[in-house]
Amino acid sequence: MPNPSLPFVRTLNPVRLNSLGGLASGVVLLAAVPLLFVIYNSLQLSTQQWLGLWSSRLPELLWNTLSLAVLVAVGCVVLGVSSAWWIARREFPGRKLAVWLMVLPLTVPTYVFAHIYTTLMEEDGWLGRLWLALGGGADTIPDLYNVWGATLILSLAGFSYVFLLARAALSQSTRSLEEAARIQGASSLEVFWRVNLPLLRPAIAAALAVVVLHVLSDFGAVSMLRFQTFTLSIYLQMSGRFDYQSAAGLSLILVMLSLTFLVLERFFRNRQRYYAARQSRPQPRQRATPLETGLIWSWLGFITLLAFGLPLAWMLSWSWEAWSQQLIDAQFWGYARNSLMVAGIAASVAVVAALPVAFYNARHRSLASHTLLHLSSVGFVLPGPVIALGILSFLLAQLPFLYGGLAALLIAVVIRFLPLAVQSIDAAMAQLTPSVEQAGRSLGAGPLENLWRVVLPMIRGGMATAWVLVFIDTLKELPATLILRPTGFDTLPVRIWIEASEEMLELAAPAALMLVIGTLPVLWIMMRGESATTSNP
Amino acid sequence: MSYIKPLILFSLLLASIATATAADSLVIYSGRSDKFVKPVIAEFTRQTGIEVILHAGKSTALLGKLKIEGERTSADLFLSNDAGNLQKGSDWGLFRPMNTALTKDIAPQYRAEDNTWVGLSARARVLVVNTQGPWADKLDSVFDLADPALRGKIGITNSTNGSYIAGVTVYMKAAGVEKTRHWLEGLKTNAEGRVFNKHSKIVKAVAQGRLQAGLVNHYYIYRHLAKHPDAPIKIVLPDQGPNGIGVAWNVAGIAITKHTTKAALAEKLVAFLVSETGQKQFAEVNREYPTRTGVPASPEVPPAGSYKVADVPMAELGRARNATLDLIEQVGMP
């Protein structure tokens, strides 16, 4: 396949490209501030200390972190691809509802998941009592404080990413390839393995990148379950010993690990480009037989029960408790307002900041653009507390006048979630066939007009997705917010954390419920945009 | 992209909203549960009209923040549940010495040598024991918890718990490193990989008979008994005999930050907290021991002075913390 962007690059004005590159570099440079902080601090480590870290911690941390990432990836693929397949390929009663049910788990933060499940699995929790009623012993109630518990929680919290991308890919893939395979005598299973799965690979790879990065940077679930991954260990170094240098050393290794993974993923994805011609017929959905409908709903219902039903029921029952005790006061609404405000601003800033990086990469695929793209991901791979400290130190040293208000917090969350925005917009740009832009140019549109009238409208869906993803993650963000929020400025996650650590469940639950409710409208925006692009006949 | 400009302006506006705190208000970085601090603070505000903003977080994280912020901090006071953190901040020079007249009624072992922090309430590390089980009358030392016969029958918190770490520091200082190491190894075996993230869950498990004994802070026992008066549990004040090391204590306390511009106001708050009313209220909400001599604890709690307390200065909880963490890690406590 010839490189599709080459002829286009030649038509571009080099000056514009450079200013775009400059803009992209500026964004990435700011995003890399925490990384510089990490590098600077880890340079203070002596060889002796590095060796100490290496021998005492690294083998276990590497093993724990990697095995968790692999297990969660498998869990998410099983849950996400199976549900996406049924929903994209079969017409059954309640299909639209099912789409929602598969996405709703995104509204529940991992630390809330972990908190709820550990509570439910106690001897007097709902699941614990069920276990006893079914004849299990109190000593044999499954323990969540291990790799399996962490896998369960993180898979339930993350499979929706795989679902979303796999469903989009399945709905967009065209019929012709599958028909060709069938004419050649392939069975349905063979079609799935040899046609659908390979076509799905880029989508799954992209989704897994998001999932794995969430796992590598997750702090909420692993700290609640005390499963020693890099993130938890880094946090303990900082909080238990105030040993920022060892924390930085471990962070640096985590960054290298994540970047290696990202580069591999990109490499894997770049070798697979499938352009679907617009005019070919998309796959129609087959009407499901009653048996299939039963099977589908049993499976989807099971997933929903675990990933959303139980958590929601828990939140509702404790929120009711709080409501009836009149514990919800004006302050509570203040926390909700703070959360929505931070998430809204951070999402907008992140989308704007991501544009030059994604544009630059799309138009100028080169080593430099790839490097920028990967560097922009450091926010996602560094633990939240490390980013927070990096930004704190940077602002105090360089821009002290920005300190004290919301700026520090906003900068930190934008850096943390910029990669989500860059990924979404970059994916949207990748689907943009270069010929469309060239057509715009050949009809006499200048670069800005072309951008405004051709490119932006076409990647609107990607921008909306980017906004929503950043919004949702910011709404749930805890570790950086804990450190960087202005004095007395509490958000919903901060309250959940405070109340849950005091075991005031009746106060933690309404805040968690509020997070779910607050996310619904933006999810709706995203889903509406999606169905507009995926449901045209 | 017409929306970018207003967006940027809006962001700058937000950034510039410095947390404008009124002239007569105080900011506390607080690592102690909100619900235990709020009632006392509300009383202080009622009496003096001084507003107080509680900025809650983990003590260690807030201390780290205070250190990095330096003179730009908005915190006037630092409140922590662990003397170790207070001493650490003191060693880093983050606090300013208080007027000695202010702290004269607090026994010297519960405040910093240089008066940079003062303890407000104390808690005891004790055993909770099931009164109906075979071990009801057999335990009188924390070191008994390592008895191989107790395998699978004891409850301890995970090794990131601040009270747990402070307790181990006291045992290490009072009984020696090797004895403590040996004890930790026994505990590790007896816990069988299952440790708790909350003291309250240990007490509950002992009350339900799933465990025979656990190592907790004293007030968790009374908190449980307040809800379930008939629970078959009792407190055992460990290591009392003539050769016993005594009960490990830890204090929650407060410090005034070095860079506060409202030192006089902050001292007013401290003065209130060490006053008899303040002391009673601060300690009573959590059934802790007031550090001021002569102010009694809640009636259900064994009176201070009626039993032996380990002779380890509170400052050690900060200075020896890394050594304790090393020991805990070497043993590989879960």
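Residues are numbered from 1 along each chain as its sequence is written, while chains are lettered from A and ligands numbered from 1 in the order in which they are written. Because the model is predicted, local features need pLDDT of at least 70 and side-chain atom pairs count only at pLDDT 80 or more, whereas totals for chains, interfaces and linings use all residues.

Chain A contains 26 helices and two strands, where helices (H or I, at least four residues) and strands (E, at least two) are DSSP runs numbered from the N terminus. The C-alpha trace of chain A spans about 65 × 65 × 50 Å along its principal axes. The radius of gyration of chain A is 24 Å, which agrees with the value near 24 Å for a compact globule of 537 residues; this radius is taken over C-alpha atoms, and the globule rule is 2.2 Å times the number of residues to the power 0.38. Of the 537 residues of chain A, 50% count as buried, a residue being buried if 20 or more other C-beta atoms, placed from the backbone, lie within 10 Å of its own.

The mean pLDDT of chain A, the predictor's confidence in each residue from 0 to 100, is 84, and 91% of the residues of chain A reach 70 or more. Over residues 1-12 of chain A, pLDDT stays under 50.

In chain B, helix H10 (residues 263-274) and helix H11 (residues 276-284) pack at an angle of about 75 degrees, with their axes 4 Å apart; the axes are lines fitted to C-alpha atoms over the stretch in contact, and angles run from 0 to 180 degrees between N-to-C directions. That angle makes H10(B) roughly perpendicular to H11(B), a term that covers 65 to 115 degrees. Phe272(B), Leu273(B) and Val274(B) in H10(B) meet Gly278(B), Gln279(B) and Phe282(B) in H11(B), contact requiring C-beta atoms, placed from the backbone, to lie within 7 Å.

Two residues of chain B other than glycine have a positive phi, namely Asp239(B), at about 60 degrees, and Arg287(B), near 55 degrees. Asp239(B) lies in the loop between strand E7 (233-236) and strand E8 (248-256) of chain B, and counts as buried with 25 C-beta neighbours inside 10 Å. Arg287(B) lies in the loop between H11 and strand E9 (289-290) of chain B, and counts as buried with 21 C-beta neighbours inside 10 Å.

Definitions and conventions:
Parallel < 35°, antiparallel > 145°, perpendicular 65-115°, else oblique. Contact = placed C-beta atoms within 7 Å. Buried ≥ 20, exposed ≤ 12 C-beta atoms within 10 Å, placed from the backbone.
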